[in-house]
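Me: I am new to this structure and would like a close look at a single part of it. Please take the charged side chains that pair up, and describe what surrounds them.

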Amino acid sequence: MTMFASTFRWLQRKRYQYEVTFSLYMLTPTEKFIFNSFLFLFFSMIVIAMTLYLPQHIAFLTNRAWFYYNGDESAKAAIHSIVESATHTVLVEKVKETVVNNAAGSTILDAAKEL
């Protein structure tokens, strides 16, 4: 059997399965045409809707998942600035205290050297 004949036989078998599965074998040719037309239009609309709206929906879901995983950037920046400013003021106070202590300590050491 040639490749063409086996392909043709496979297509006939698939057509027969389709007609038996949807009970089209008992319909008239006009009724089959109407049913197949409705089926074709339905699947065409599904494909068009997927082409138009699925990329936007996937982008929306991806952005939502990113938000759930990483949080809001403006909230992160606000918290970071609050922590940074609080840390900065504490750090400045520690440096001032250390400088004052070192200055006081150096005068004590100088006074001890003089004695």
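Reply: The side chains of Lys-32 and Glu-19 meet in a salt bridge, with N and O 3.5 Å apart, in what is a predicted model. Lys-32 belongs to helix α2 and Glu-19 to helix α1, so this pair ties together parts that are 13 residues apart in sequence. Through shared partners, salt bridges join Arg-15, Glu-19 and Lys-32 into one network. The structure holds two salt bridges.

The other partner of Glu-19 is Arg-15, and here the closest N and O atoms are 3.4 Å apart. Arg-15 and Glu-19 both lie in helix α1, residues 3–21, and because they are four residues apart, about one helical turn separates them. In general, an α-helix has 3.6 residues a turn, so residues three or four places apart point the same way. Glu-19 is buried, because its relative accessible area of 14% is under the 20% cut-off. Arg-15 counts as exposed, at 57% relative accessibility.

Helix α2 spans residues 29–70. Its 42 residues reach 59 Å from the first C-alpha to the last, close to the 62 Å expected at 1.5 Å a residue. α2 bends by about 45 degrees at Tyr-53, and Pro-55 follows within four residues. After α2 comes Gly-71, with a positive phi near 85 degrees.

Ile-46 also lies in α2. Ile-46 is partly exposed, with a relative accessible area of 37%. With Phe-42, Phe-43, Met-50, Leu-54 and Ile-58, Ile-46 makes a nonpolar surface patch of about 560 Å².

Methods: Residues numbered from 1 in each chain as written. Predicted model: local features only at pLDDT ≥ 70, side-chain atom pairs only at ≥ 80, totals over all residues. Heavy atoms only, no water. Patch = residues over 30% accessible without salt bridge, like charges linked within 9 Å, V, L, I, M, F, W, Y side chains within 5 Å. Areas by Shrake-Rupley, 256 points an atom, 1.4 Å probe, with all protein chains shown as cover. Salt bridge = Lys/Arg side-chain N within 4 Å of Asp/Glu carboxyl O. Helix = DSSP H or I, 4+ residues; strand = E, 2+ residues; numbered from the N terminus. Buried < 20%, exposed > 50% of the residue type's maximum accessible area, 1.4 Å probe, protein only. Expected span 1.5 Å × (residues − 1). Bend = angle between axes of the 7 residues up to and from the residue.
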